[in-house]
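User: I would like to go through this protein step by step. Please keep the answers plain.

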Amino acid sequence: ITKLEMKTKDAPAVVLVKDASGSWQMAQPQTLSVDQGAISSTLSTLSSLNSDRLIEDRTSDLKTFGLDPPAFELDISEKDNQSQKLLLGDETPTGNAVYAMLAGDPRLFTMPSYEKTSIDKSVNDLRDKRLLTIDADKISLIDLRRKNQEIEFGRSKDEWQFLKPKTLRADDIEVGELARKLADARMDLSASDAPANDAASAFARGTPVAIAKITGPSGSQELQLHKNKDTYYAKSSVVEGAYKVDSLLGAAMDKGVDDFRNKKLFDFGVHEPDKIEMHSGPKAYSLVKGGADWWSNGKKMDADLTQSFISELRDLTSSKFVDAGFANPSMNVTVTSDGGQRVERVAIAKVGDHYIAKRENDPTLYQLEAFSLDALQKSADDLKPAVSSK
């Protein structure tokens, strides 16, 4: 199939053509990119289209069945100048089927109503609703400007890092969610009867929220977001016009630096460390992974208690970032992971009723609540050798 022309009563014809690369484009009533998934679904329905039953071998009373003129006509152009024309009429009395014919064939059929729904598509059903066309996993750079603040993220493999306003550890989950929300940004065309200039007017009157620029292998694309009352509207460098968008996109873009910072004290995350050393006042703790077991000073350690201690380390999370107050650390922790490739050294000092931590080669100061350090210390004190099975 190289071309489809859909004609519905009292509506302009929708014409879709396949280009040399095999992608579909809309040629009428306006030139638009097409949702390739939507047209693929339509073609799949056509390729397996069957009738429910044969009503008449030859019919001349087309008006009775809503086929003169047809309620819907689909002209199908194929290679080598071959063509077919499907005509659909009224629903049957039961309402679960429609009358159908092929042009040039006198027979009258019925076909399921749900299959009519699959092929009777409007411009809004078929157009590509994406506002940005770079896939989330292909985005290498995000520039987010909001409230006189510029935030820039760069990605190396699967890890995101702040580039602006300065080099900082980024929360991969938060930045990754922003990347997904931008890649998934879609036009909300649910109010299809509203004039197109309504969204443009609402965008123009709205308050600027943020501008996001994403970069991938094919170049850069930009999305501007405004808020009008409780509704978000966007303009894109990819497609003309302004469009209503989902409020979740607005929530993802309307965030500041601290929202995207990595608040976890350690980066080993879900991975199992190779070695842990902790000094807390006069106490010292050392754990080394050997095969499936943990060892300390030549003794095999209780697996559950060791995992509890590792979990407390993994969960250490800053309640906020502070500018000063770190001095005279009372605790030092070194975690080695990734086969020795990652070594994280953290110093922790008690300040009043809370703690402040500092990672090696990182100027950031992480404030920790006392309960998290108390839990860590208790889990360290609970460490003991495994009970012998003999």
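The questions below go from the whole chain to single residues.

Analyst: This is a predicted model, in which local features need pLDDT of at least 70 and side-chain atom pairs count only at pLDDT 80 or more, while totals for chains, interfaces and linings use all residues. Residues are numbered from 1 along each chain as its sequence is written, and side-chain values use heavy atoms, with hydrogens and water left out.

User: How many helices and strands are in the chain?

Analyst: Helices (H or I, at least four residues) and strands (E, at least two) are DSSP runs, numbered from the N terminus. By that rule the chain has nine helices and 25 strands.

User: Why is the chain described as more spread out than a compact globule?

Analyst: The radius of gyration is taken over C-alpha atoms, and the globule rule is 2.2 Å times the number of residues to the power 0.38. Along the principal axes, the C-alpha trace spans about 100 × 65 × 40 Å. For 390 residues the rule gives 21 Å, and the chain is more spread out than a compact globule because its radius of gyration is well over that, at 31 Å.

User: What percentage of the 390 residues is buried?

Analyst: Buried means under 20% relative accessible area, exposed means over 50%, and partly exposed lies in between (1.4 Å probe, protein chains only). Of the 390 residues in the chain, the buried share is 40%.

User: Among contacts between residues at least 6 apart in sequence, what percentage joins residues at least 24 apart?

Analyst: Contact means heavy atoms within 4.5 Å. Counting contacts in the chain between residues at least 6 apart in sequence, the share that joins residues at least 24 apart is 54%.

User: In what order do the strands of the open sheet with edge strands E4 and E5 lie?

Analyst: Two strands pair if DSSP finds at least two bridges between them. Strand E4 (32-33) and strand E5 (53-56) each pair on one side only, which makes them the edges. The pairing in this sheet of nine strands is antiparallel, and the order is E4-E3-E2-E1-E6-E7-E8-E9-E5.

User: Which residue in E2 is the bridge partner of Leu4?

Analyst: E1 pairs with strand E2 (residues 14-18) in the antiparallel sense over four bridges. The hairpin of E1 and E2 has five residues between the strands, and Asp10 takes a positive phi near 60° there. In E2, Leu4 is partnered by Leu16.

User: Is Thr110 buried or exposed?

Analyst: Thr110 lies in strand E9 (residues 108-112). Not counting residues up to four places away in sequence, Thr110 touches Ser51, Asp52, Arg53, Ile55, Thr92, Ala97, Val98 and Tyr99. The relative accessible area of Thr110 is 3%, so Thr110 is buried.

User: What is the order of the open sheet that has edge strands E20 and E21?

Analyst: Strand E20 (299-300) and strand E21 (320-322) are the edges, as each pairs on one side only. This sheet has nine strands with antiparallel pairing, in the order E20-E19-E18-E17-E22-E23-E24-E25-E21.

User: Which residue in E23 is the bridge partner of Thr336?

Analyst: Strand E22 (residues 331-337) and strand E23 (residues 342-351) pair over seven bridges in the antiparallel sense. In E23, the partner of Thr336 is Val343.

User: What is the relative accessible area of Asp293?

Analyst: Asp293 lies in strand E19 (residues 293-296). Leaving aside neighbours within four places in sequence, Asp293 is in contact with Val288 and Lys300. Asp293 is partly exposed, with a relative accessible area of 26%.

User: Where is Pro69, and what is the omega of the peptide bond from Asp68 to Pro69?

Analyst: Pro69 is in the loop between E5 and E6. The peptide bond from Asp68 to Pro69 is cis, with omega near 0°.

User: Is Lys229 buried or exposed?

Analyst: Lys229 is placed in the loop between strand E14 (219-228) and strand E15 (231-236). Phi of Lys229 is near 60°, a positive value in a residue other than glycine. With a relative accessible area of 74%, Lys229 is exposed.
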